[in-house]
Protein chains: 2
Amino acid sequence: MRIGVDLGGTNIAVGLVDEEGRIVATGSRPTKPERGYEAVAKDIADIAIELIKRSNLSGSDIKSMGIGVPGVADSERGIVIRAVNLFWTKVPLAKEIRKYIDLPIYMDNDANVAALAEAAYGAGKGSKSSVTITLGTGVGSGFILDGKIYNGAHHFAPELGHIVIGDNGIRCNCGKIGCLETYASATALIREGKKAVEKNPNSLILKFANGDINSITAKNVIDAAKQYDEQAMRIFNDYVKYLAIGIVNVINMFDPEVIILGGGVANAGDFLIKPLKKEVAENILFKDLPYADIRKAELGNDAGIIGAAILS
Amino acid sequence: MRIGVDLGGTNIAVGLVDEEGRIVATGSRPTKPERGYEAVAKDIADIAIELIKRSNLSGSDIKSMGIGVPGVADSERGIVIRAVNLFWTKVPLAKEIRKYIDLPIYMDNDANVAALAEAAYGAGKGSKSSVTITLGTGVGSGFILDGKIYNGAHHFAPELGHIVIGDNGIRCNCGKIGCLETYASATALIREGKKAVEKNPNSLILKFANGDINSITAKNVIDAAKQYDEQAMRIFNDYVKYLAIGIVNVINMFDPEVIILGGGVANAGDFLIKPLKKEVAENILFKDLPYADIRKAELGNDAGIIGAAILS
């Protein structure tokens with residue numbers, strides 16, 4: 001049995017995970033990062049101890065604790081190098097947690113951890129290499145090679161959301177223009193949905209958002225596209241086109257066995273993946289040679305806890 | 001002692017390489033791929049046997065032969081999967097060579113092989129991971145991780161030249177628009193140099209090309225930029241800007257320890273690397289965290305033979 005921690009800006013979610021990658025017990029508390037890292041570390045340990053007791057286990061039944069952090073982590077030194085949403089720089093998180101619970105502690109970036117879970121127990125099961133791309137508020141990514149997270153020489157690879165793929169003039173949070181995140185995140189669909197509705201208030205997008213332009217979601221745009229709404233279809237087609245450019249770039253860089261799409265937008269399923277595969281096929285370098293299969297993620301939000309638990 | 005083969009579209013270059021990565025003897029013949037792969041394989045074996053004899057060695061002194069091929073190769077099966085310039089598809093090259101010389105034969109893409117040489121004996125010596133980018137007629141690349149070539153699940157990684165980084169409207173040989181190769185190859189400098197000279201025949205670029213627009217080289221453009229020629233400076237600044245976008249993309253994908261620049265354009269040395277480092281620094285994701293050092297390649301054309309020789 002192992003402990004997986006999904007440490008987010010809003011919530012700390014902790015799970016007991018068995019040897020088959022199943023979550024058998026969970027607990028959570030609000031993160032409230034403004035309390036400082038010591039309080040967050042104590043909460044992580046407290047929830048873990050509570051879960052162990054609740055499951056009638058003892059500390060010796062637990063092999064390790066793994067933590068997915070919203071930022072850059074150095075697992076070997078047990079340090080969170082940078083977590084913007086938690087206001088953390090060089091935080092000795094592992095050492096702090098070990099004040100309360102005596103376990104080997106591993107950590108990695110949350111997107112890497114989710115990718116590890118998908119590779120081990122989800123859509124990438126059985127593959128030797130996979131890239132998982134999370135299409136949510138931002139665009140996250142993880143690269144799993146031979147069952148291990150590849151996180152680079154300085155622990156921050158891969159950051160697919162911030163590869164530049166065009167000149168759309170939209171400035172990313174990172175300061176650059178044309179990052180994949182500005183084309184392929186849920187946020188991009190919302191931004192374009194709002195723009196379209198401003199010009200065409202008759203669009204189904206606005207109807208699906210109950211007439212409130214400020215509550216438009218990525219799902220509203222996708223649902224309107226499914227109903228052949230002209231504005232939504234244009235936005236969604238562009239979305240697919242640029243996501244395909246990003247994916248072809250990933251294929252040209254990593255040539256993984258599998259590419260896995262997670263996050264809210266991936267819930268569109270075949271409505272997204274079918275045209276995406278077609279667009280990728282048209283833009284691939286070696287059109288008659290085999291390349292990565294593109295699949296929908298399978299583990300949903302559980303990937304964070306499961307992937308963290310199997311860190312080593 | 002090992003044998004390294006640099007198999008190009010024009011020439012077959014073969015070298016004997018010692019255990020310190022030094023070339024101790026070389027021989028070459030024209031490739032003439034139109035003869036078919038059997039003749040090319042025989043020539044490779046003939047040159048190798050000749051070099052062994054000339055060096056007063058016998059077959060048992062040679063550990064292995066490695067071949068850098070201008071395309072996609074499957075080393076395990078000894079097959080060149082695709083080499084466009086040689087008109088080869090699924091060619092059993094290793095088996096054919098072994099008809100004449102009994103050695104373990106390894107092969108990989110020529111850019112990967114050059115990257116391996118730089119990682120082992122050149123600008124990446126001592127690093128755990130490096131990406132070598134060759135700025136020549138095209139943009140080639142190799143990713144070396146823990147002393148091994150990373151070439152992906154289908155043997156074609158990485159193809160940095162064909163990652164899309166913008167919307168420049170220029171169609172790449174691969175069919176896509178906006179590939180790094182259309183911004184950052186020597187060919188891109190020549191194309192922009194010609195355009196500039198058509199509009200401004202007074203540019204030093206044309207003078208350095210002896211007044212012949214059709215013989216403009218990348219070096220002419222760089223030399224004119226060094227002399228503060230306005231057209232050339234604009235072209236070179238744009239070149240640096242887009243190459244930096246490509247390099248930041250590489251950093252965001254692979255986070256390597258070192259990035260090595262080879263090929264003709266890299267001969268510009270600090271004139272290229274200084275402004276490039278500045279541009280990369282301004283566009284990097286985590287501006288205060290360490291990231292890859294950018295260096296000039298050290299082995300020049302020898303990288304092809306040396307890298308091939310140390311394939312395993």
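The questions and answers below go from the whole chain to the interface and then to single residues.

Author: This is a predicted model, in which local features need pLDDT of at least 70 and side-chain atom pairs count only at pLDDT 80 or more, while totals for chains, interfaces and linings use all residues. Residues are numbered from 1 along each chain as its sequence is written, chains are lettered from A and ligands numbered from 1 in the order in which they are written, and side-chain values use heavy atoms, without hydrogens and water.

Reader: How many helices and strands are in chain A?

Author: Chain A has 10 helices and 13 strands. Both are DSSP runs, numbered from the N terminus: helices are H or I with at least four residues, strands are E with at least two.

Reader: Why is chain A called as compact as a globular protein of that length?

Author: Take the radius of gyration, computed over C-alpha atoms. The globule rule is 2.2 Å times the number of residues to the power 0.38. For 312 residues the rule gives 20 Å, and chain A has 20 Å, so chain A is as compact as a globular protein of that length.

Reader: What makes up the contact between chain A and chain B?

Author: Chain A gives 46 residues and chain B gives 46 residues. Contact means heavy atoms within 4.5 Å. Chain A and chain B bury about 3,900 Å² between them, with 63% of it on carbon and sulfur atoms. In chain A, the most area is lost to chain B by A:Phe156, A:Met253 and A:Asp255, together 18% of what that side buries. Buried area is the accessible area (1.4 Å probe) that two parts lose on being put together, summed over both.

Reader: How do you know whether B:Asp43 is buried or exposed?

Author: Use the cut-offs: buried is under 20% relative accessible area, exposed is over 50%, and partly exposed lies in between (1.4 Å probe, protein chains only). B:Asp43 has 10%, so B:Asp43 is buried. B:Asp43 sits in helix H1 (residues 37-54) of chain B. Beyond its neighbours within four places in sequence, B:Asp43 is in contact with B:Ile12, B:Arg29, B:Pro30 and B:Arg35.

Reader: What is A:Pro275 called at 33% relative accessibility?

Author: A:Pro275 counts as partly exposed, because its relative accessibility is 33%. A:Pro275 lies in helix H9 (residues 270-283) of chain A. Leaving aside neighbours within four places in sequence, A:Pro275 is in contact with A:Val240 and A:Asp270.
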